Amino acid sequence: MARISLSPPRTLFYRAMEWYSNRTYGKVLDPAKALAHNPKVLRSDLRFELAVAKWNRLDADLKALAVMASAASIGCSWCMDFGHWENQRRGMDVRKVHDVPVWQESDAYTPLERDVMAYAEAMTANPPEVTDELAGRLLAALGEAAYVELTAMVAVENLRSRMNSALGLTSQGFKDHCEVPGRPGTARAAAGGDTR
């Protein structure tokens, strides 16, 4: 359950964002509703996301796998729900989207895709656990521009997922259920200690 009201003041800016979100996604996105309590934060976030959407040096499927692997690692059910819908809608292989939370056991991925998801998880760890060997393989396979974009996308998803998790945002129904598996500490979270 959200830790902040999802009924922000209905300013002119919020109503314009609400119209666009309804038109684009069929509903108003909960992260936008939460951020709308501080219009400067919402405006900055929207400008940033529009700029991120223009990045195009990394293959779209690799980008999606990195983003979803980061979200799964953090445990952001909202991001996993939206990512599943967004990437299926984009035409990505359904099995690859579905298997992200269990990618290490799945045979759906190429070696490069596995390296991308391992990199996303290693960057998301606290502290980060990126090895020179993994970074070297990715640099050789992707080139410097795409490697920088991959790194930036994982960082962006960490911002999104950590903010959404901290705000208590959960699946919004883009997918029937969330594919975030149980994580260590889940029992503690159920007992009242948040592990996100």
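How much space lies in the largest pocket? About 1,200 Å³, in what is a predicted model, where local features need pLDDT of at least 70, side-chain atom pairs count only at pLDDT 80 or more, and totals for chains, interfaces and linings use all residues. Residues are numbered from 1 along each chain as its sequence is written, and side-chain values use heavy atoms, with hydrogens and water left out.

A word on terms: on a 1 Å grid over the protein atoms alone, a pocket is an open set of points with protein on both sides within 12 Å along at least five of seven lines, a cavity is a set where a 1.4 Å probe fits but cannot get out, and lining residues have an atom within 4 Å of a point. Points are joined across faces, edges and corners, and the volume is the space filled by probe spheres set on them.

The largest pocket has 39 lining residues, with Y25, E49, F82, E86 and R160 nearest its centre. Two or more lining residues come from each of α1 (12-25), α2 (30-35), α3 (39-52), α4 (60-74), α5 (77-90) and α9 (144-166); helices here are DSSP runs (H or I, at least four residues), numbered from the N terminus. The top contributor is α5, with nine residues. Sorted by class, the lining comes out as 25 nonpolar, five polar and nine charged residues, taking Ala, Val, Leu, Ile, Met, Phe, Trp, Tyr, Cys and Pro as nonpolar, Asp, Glu, Lys and Arg as charged, and the others, Gly among them, as polar.

Now for α4. Twelve of its 15 residues are buried, so this helix is largely enclosed by the rest of the structure; buried means under 20% relative accessible area and exposed over 50%, with a 1.4 Å probe and protein chains only. Among the buried ones are L62, M68 and I74. The buried residues of α4 pack against α5, α6 (94-98), α7 (111-124), α8 (132-142) and α9, contact being heavy atoms within 4.5 Å. At the start of α4, a side-chain oxygen of D59 comes within 3.0 Å of the backbone nitrogen of D61. Just past α4, G75 adopts a positive phi of about 95°.

By contrast, G26, in the loop between α1 and α2, is exposed, at 57% relative accessible area. G26 sits 9.8 Å from F174, C-alpha to C-alpha, although 148 residues separate the two in sequence.

Finally, there is one cavity of 30 Å³ or more. The largest cavity is lined by P9, T11, F13, Y14, A36, P39 and L42, which split into six nonpolar, one polar and no charged.

Note on methods: Polar contact = N/O pair within 3.5 Å; in protein donor to acceptor, adjacent residues only side chain to side chain.
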